[in-house]
Amino acid sequence: MQENGETQATEAIPSREELEWMYSIMLLAKAGDERAAAEAREGRLQAALYPVRGLEGVCAALGVAMQANDQMISSYRNLGDALSRGIPLRTIIAEAYGRLGGTSKGKGGTMHLTDNERGLVTTTGVVGSGLPMAVGLGLAAQLDGADRAIVVTFGDGSTSIGSAHEAFNLAALWNLPVVFVCQNNQWGEHTPLSSYAANPNLAERVASYGMASEQVDGFDPMATWRTLDRALAKARSGGGPSFVECLTYRLTGHSGLSDYSYVPEAELAAALERDPAPNMRRWLESSGLVDAGRLAEIEAEVEATADEAFAFAQESPPPHPDELTDDVYASGEGIPFR
Amino acid sequence: MSEEQTEKMTIVAALNSALDVALGLDERVIMMGEDIADPIGGVMKATKGLSTKYGEDRVRATPIVEQTIVGSAVGAAMGGYRPVAEIMFMDFLCQAMDQIINHAAKSRFMSGGHTTVPLVVRAMVGSSNFGAQHSQALEAWFMHTPGLKVVMPSNPYDTKGLLLSSIFDDDPVIFIENMAMSYSVPGMVPTGDYRIPLGEAAVLQEGEDVTVITYGAEVHTVMAAAESLVDEMSVEVIDLRTLVPLDLTTCLESVTKTRRAIVVHGSTQFCGPGAEIATLITDELFGALDVPVARLGGTYTPIAFAKELESLPTEDKVVAALRELVERPSVARQR
Ligand SMILES: Cc1ncc(C[n+]2csc(CCOP(=O)(O)OP(=O)(O)O)c2C)c(N)n1
Ligand SMILES: [Mg+2]
């Protein structure tokens, strides 16, 4: 898909069902973010989500490129990643309300979604800390002789963290099946990439570790899907790790309630032109892949799913106070004494 | 600059005022941290205006590099500066532990006294609103590390006076703030320079029946509990203000009088500061106590996101603990 919404006829694209699903999770991420922010503003949620806006195409591409047995580690900006693993929005939102129906029984909260069955192994609130763990998951897959790949998603700012670089080196040294997916939205909270990195070309920096490393237009879900698909196939077949820098832009504040008046207007306006979901819609329709009627149907389904998810979450009971001491240790007993 | 001129300040404003005074007094005071430069001036706005006033050479925004924020502060301190490093959430001090524990804390000792690391690391206890990785109170780790000083103020006046003392102290200081108090407990604060010595507790309220020893955000929980028990018992409340050095003298004087004491804090009770403080009191006053020194700290769990799963001492828990403590028959009398 080019900037004008065209894709080269010769280039591979996912199946029609997959394309529809991609479009729907892009919309669902946006709907979830927006509703959560509104709920937080009303004081009904203790914290807003960290919006995915701008990254939806990357998340959707991951959803199709990753296989069922692949595993993922994500961050606090995890809604799109979680949806890409097929995790129902209702359990994600229930977690945001701190309810028993959430992915982590309300104990983790918005930053800590877990769904091992669907391969979302952990999501971390500590910037950059997912990368070393992805090395370990990659090691486990390699030792198992399994054909699964590991994806770790993280922001551009996370590449400042020292242990990220330790992880790049180790993954390359041990030839591990890890795909490092950098969701470069050009910002780490209030600081733009250009003012925190002397060399802002992250893929170039990582290439020096001796692993495949490339930039891709993260606003282009098809190009992103092709790149990730290749990197994942390579990882699964013993070809080693890759770093994929998905270039996008943060279309909102850092969190759903944050002020972002500091973002230069012209930059934001240019990025909004590339807003992935509407562009994908235009392309799906103009290329004849999905007709207007079906697109409208998907949009209505997304709204219904979002409504249902919030209703489910609000009705889900809170954890009983006694559950505080559960899940600290395997035995479930009230440690530290026996 | 005189102590007479005061202004109503939040804790964040008091931090800002202390940093402003320090930067103005001594050009060797420098700051580093994520997003601390203007226009944002820190995610909690504690450094707002300072990079504009003193220059980005001295008030430096860094990438997300906790280990090197603290490490470079250690190095700059060795190089003759008085750095103040800002780490947003205390949980992220984990990233910088090597620099704090293996270097900042021990350099004087390992060098036979030749090296001085006059460093302040500011960090804040977060909130369960953000889950288990943004809410820990980890002061016990630092108390357990010889070479560090540990400061945990509860109000704007102490915040400013203690921060200024910390900055001009020749030892590394871990200065711990609390997100919940950042804007919620305003108080009158001198606009100029004043210092509160490290290691002097404050007796916030005198009482006869029981002593509560606490610090940081729990001071407010304890004061509210004491207020609600005013018809039932007379509570003496001690705000330690600094944990290292620890003002044991003030604690012992108080407990000698009341013969009953409890230590209340937000960090995990097991192996928490209360364990040490209770033991120190018992060591000195064993025969004079009516009942063993009690503790009320966080449950032995990570901090949960759901509000129903409360691990910290709440006002209700403090009230219950105080009633139990005061109603307990005296061990001394049983003997
Ligand atoms: C180790 C650590 N330091 C600081 C923070 C506070 N923090 C949360 S998100 C963030 C910005 C991260 O930027 P980036 O990695 O680009 O991810 P984005 O939020 O843009 O997706 C910061 C500094 C943190 N969570 N963890
Ligand atoms: Mg970013």
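This is a predicted model: local features need pLDDT of at least 70, side-chain atom pairs count only at pLDDT 80 or more; totals for chains, interfaces and linings use all residues.
**Entry: chain A overall**

I found 12 helices and eight strands in chain A. I then looked up its radius of gyration. A compact globule of 338 residues would have a value near 20 Å, and chain A has 20 Å, so the two agree. Along the principal axes, the C-alpha atoms of chain A fill a box of roughly 65 × 50 × 40 Å.

Next I checked burial. Of the 338 residues in chain A, 57% are buried. Last came the contacts. I took those in chain A between residues at least 6 apart in sequence, and 73% of them join residues at least 24 apart.

**Entry: a strand pair in chain A**

In which sense do strands β7 and β8 of chain A pair? I found them parallel, with six bridges between β7 (residues 212-217) and β8 (residues 242-247) of chain A. The chain gets from β7(A) to β8(A) by way of helix α9 (residues 221-236) of chain A. I noted this β-α-β crossover as right-handed. I also picked out one bridge: A:A212 has A:S242 in β8(A) as its partner.

**Entry: the magnesium site**

Which residues coordinate the magnesium ion (ligand 2)? I listed A:D156 through OD, A:N185 through OD1 and A:W187 through O. The distances run from 2.0 to 2.2 Å. Along the chain, the donors follow the spacing D-x28-N-x1-W.

I then placed two of these residues. A:D156 lies in the loop between β3 (150-155) and α6 (162-173) of chain A, while A:W187 lies in strand β5 (residues 187-188) of chain A. The pair therefore ties together parts that are 31 residues apart in sequence. Both A:D156 and A:W187 are buried.

**Entry: helix α4 of chain A**

After α4(A) comes A:G98, with a positive phi near 70 degrees.

**Entry: backbone details in chain B**

Most residues other than glycine have a negative phi, and most peptide bonds are trans.

I looked up two cis peptide bonds. One runs from B:D38 to B:P39, with omega near 10 degrees. B:P39 is in the loop between β2 (29-34) and α2 (50-54) of chain B. Another joins B:V244 and B:P245, with omega about -5 degrees. B:P245 sits in the loop between β12 (242-244) and α9 (248-258) of chain B.

Then I turned to phi. B:R241 has a positive value near 65 degrees. I found B:R241 in the loop between β11 (235-239) and β12 of chain B. Is B:R241 buried or exposed? Its relative accessible area is 10%, so B:R241 is buried.

B:R259 has a positive phi as well, near 65 degrees. B:R259 belongs to the loop between α9 and β13 (261-268) of chain B. With 32% relative accessibility, I logged B:R259 as partly exposed.

Terms used: Residues are numbered from 1 along each chain as its sequence is written. Chains are lettered from A and ligands numbered from 1 in the order in which they are written. Side-chain values use heavy atoms; hydrogens and water are left out. Two strands pair if DSSP finds at least two bridges between them. Helices (H or I, at least four residues) and strands (E, at least two) are DSSP runs, numbered from the N terminus. A crossover is right-handed if, with the strands pointing away from the viewer, the path from the first strand over the helix to the second runs clockwise. Donors are N, O and S atoms within 2.8 Å of the metal (3.2 Å for Na, K and Ca); water is not among the atoms, so sites may look incomplete. Buried means under 20% relative accessible area, exposed over 50%, partly exposed in between (1.4 Å probe, protein chains only). The radius of gyration is taken over C-alpha atoms; the globule rule is 2.2 Å times the number of residues to the power 0.38. Contact means heavy atoms within 4.5 Å.
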